Amino acid sequence: MRFLLVMLLILLGAWWWRQKKREKHTVRSTTPTTQATPMVHCHVCGVHLPQTEAIAANGIYFCSADHQHRAGP
Ligand SMILES: [Zn+2]
């Protein structure tokens, strides 16, 4: 009787582990691997670049410090 109880616990544990593993897999597949970065364009040359790489000044974006200086103070 005790052996059956141990076997049942092992089977239940294996089932629970597989469910957990499957759940983790589905969550990973539904969430995007790369997050979309907003794109902005340079005020001087109009080149599009990710907002994280752009230089922002007064709500205007520039591709480089040189173009920021060219736009004036
Ligand atoms: Zn530029």
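The model is a predicted one, in which I took local features only at pLDDT of at least 70 and side-chain atom pairs only at pLDDT 80 or more, while totals for chains, interfaces and linings use all residues. I number residues from 1 along each chain as its sequence is written.

I then looked up the box filled by the C-alpha atoms, which is roughly 85 × 15 × 15 Å along the principal axes. For the domains, whose bounds come from an automatic or database domain assignment, I wrote down domain 1 (1-31) and domain 2 (39-70), with 52 Å between their centres, taken over C-alpha atoms.

For the secondary structure I used DSSP runs, numbered from the N terminus, with helices being H or I of at least four residues and strands E of at least two. I found two helices and four strands, in the order α-β-β-β-β-α along the sequence.

I checked burial next, counting a residue as buried if 20 or more other C-beta atoms, placed from the backbone, lie within 10 Å of its own, as exposed if 12 or fewer do, and as partly exposed in between. On this basis 7% of the 73 residues are buried. Contacts I took as pairs whose C-beta atoms, placed from the backbone, lie within 7 Å; of the contacts with a separation of 6 or more, 10% join residues 24 or more positions apart.

Which residues does Val40 touch, not counting those up to four places away in sequence? I listed Leu49, Gln51, Ala54 and Tyr61 for this residue of strand β1, and Val40 counts as partly exposed because it has 19 C-beta neighbours inside 10 Å. Trp15, 25 residues from Val40 in sequence, is 49 Å away from it, C-alpha to C-alpha.

I went on to Cys45, in the loop between β1 (39-41) and β2 (48-50), and recorded that Cys45 is exposed because 12 other C-beta atoms lie within 10 Å. Leaving aside neighbours within four places in sequence, Cys45 is in contact with Cys63 and His67, whereas 74 Å separate the C-alpha atoms of Cys45 and Leu5, which are 40 residues apart along the chain.

My last entry is Asn58, in the loop between β3 (55-57) and β4 (60-62), which has a positive phi of about 55 degrees although it is not a glycine. Most residues other than glycine have a negative phi. Asn58 is exposed, since 6 other C-beta atoms lie within 10 Å.

Note on methods. Two residues are in contact if their C-beta atoms, placed from the backbone, lie within 7 Å.
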